[in-house]
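Here are my notes for your first look at this model. Please keep the structure open and check each point as you read.

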Amino acid sequence: MISLAFVATLINYLDRQSLSVAAPILQIQFHMSSVGYSRVLFAFMLAYTIMNGASGLLIDRLGTKFGYGLFVAWWSLCAILHSFARGVWSLGFLRFLLGLGEAGNWPGAVKVVAEWFPSEERALASGLFNSGSSIGAILAPPVIAGLLLRFGWRSAFVAVGSLGFIWLALWSAFYRSPAPKADAPALAPPPPLRALLHSRFVWTFTISKIFVDPVWYFYIFWFPEYLFHARHFDMASIGRYAWIPFCVAGVGSVGGGLIAKGFLKLHIPLSGARKAAVTVAAAMMTMAIPAVLVSGSTLSIAMVSIAMAGYTAALANMLAMPADVFPAGSVASVYGLASMGSGFGGMVFALMTGWLVERYSYVPVFWVFGLIPLICVSILWIFMGRLEPDSNFLKESTAVLV
């Protein structure tokens, strides 16, 4: 079951990365500046932010199988439609539609983890499915660059978008919800929105994501463009080398779960183990700062690789946090709402990146994305509290339902 979530995440990132790999060509063809490119990314993040607030609620109500499959079908169709883009405005509109669909991947996958795995295994399970984002990003530069150079950029969008419909056939045929144990309580109905909005965890988690997820968005959307303009790579070189940091990030995704398990074996409480693992990961993300300062491209890519592995290690633990606090029937809703912080941060930092690159260089941009994860960690330690079942939420949720 986790392999299906892994493959969906992989396809999600192939669709998402198609634009970033093709960006150097599209910027020339559509006469698109760095600021214009940032606005196209803003359109994606705006839709992603809006739908994050609804996607988890929809999946909790429609059920994992139908709800998750519906979002994959939507984003796959939108990815194919990118082949009809004729300029910056149409490209931005299609990215907006893509963002509406792609927002459903993580709430759906987190719900799969909550349904199938006990608390001590959730960080590792989350790391396993989330490593699909790294594998997708690994495959994207060589695959999409190869398709682009051989068949043109429109064919690249059609090819990767079609993969989602193959996944959908497998998902429909094989996914099932786990059979409830004989002594297990009945599954609670989807949570009322009011009860979620009164939760301290939801607000803290949402704000923390503003300062960590934009780091990943920067690398997936801007790294090929950075190599093209700042390191003077051609398209063939981007295809050969841009996948390396994402490969290392895949190791970090699984490693983050293992770090948390290591802290748990030292008899550190679950709450402390999760936060300590995220702290280690945030320290790794500061490697972005020297990455932009060194003269050699090889050393720069190596440092970016460490920073990206830090992000995926942090995310493996943060993906597991909602299930530590809320019942399985609520985690998609919780993660979807919290991911609105991710989308908001992505929008703000995307526009900031385009502005800084256009007027200055990539140096201040890398400084920003090396430092903001430390803000995320501070929020988790100072404001989140202990990761344990929220009794106040359960009482309020029951009262509202009654």
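1. Start with Glu102. Glu102 counts as buried because its relative accessible area is 0%. Buried means under 20% relative accessible area, exposed means over 50%, and partly exposed lies in between (1.4 Å probe, protein chains only). Glu102 sits in helix H4, residues 88-102. Helices here are DSSP runs (H or I, at least four residues), numbered from the N terminus.

2. A word on the basis. This is a predicted model: local features need pLDDT of at least 70, side-chain atom pairs count only at pLDDT 80 or more, and totals for chains, interfaces and linings use all residues. Residues are numbered from 1 along each chain as its sequence is written, and side-chain values use heavy atoms, with hydrogens and water left out.

3. Contact means heavy atoms within 4.5 Å.

4. Stay with Arg16. Arg16 also lies over the face of Tyr13, 4.6 Å from the ring centre. The rule is that NZ of Lys or CZ of Arg is within 6 Å of the ring centre and within 35 degrees of the ring normal. Phe221 touches Arg16 too, and its other partners include Tyr37, Phe44 and Arg95, not counting residues up to four places away in sequence.

5. Now helix H9, residues 200-210. Eight of its eleven residues are buried, so the helix is mostly covered under the buried cut-off. Among them are Phe201, Thr204 and Lys209. The buried residues of H9 pack against helices H8, H10, H15, H16 and H17. Ser199 caps the N-terminal end of H9, with a side-chain oxygen 3.3 Å from the backbone nitrogen of Phe201.

6. Look at the rings. The whole structure holds 28 aromatic pairs. Rings of Phe, Tyr and Trp (its six-membered ring) pair if their centres lie within 6.5 Å; planes under 30 degrees apart are stacked, over 60 edge-to-face, and the rest tilted. Trp355 and Tyr360 are edge-to-face because their planes meet at 65 degrees, with centres 5.7 Å apart. Trp355 is partly exposed at 40%, while Tyr360 is exposed at 56%.

7. Check two histidines. Most residues other than glycine have a negative phi. His31 has a positive phi near 55 degrees, and His232 has one of about 60 degrees. His31 is in the loop between helices H1 and H2. His232 is in the loop between helices H10 and H11. His31 is exposed at 72%, and His232 is exposed at 66%.

Notes:
Helix = DSSP H or I, 4+ residues; strand = E, 2+ residues; numbered from the N terminus. Polar contact = N/O pair within 3.5 Å; in protein donor to acceptor, adjacent residues only side chain to side chain.
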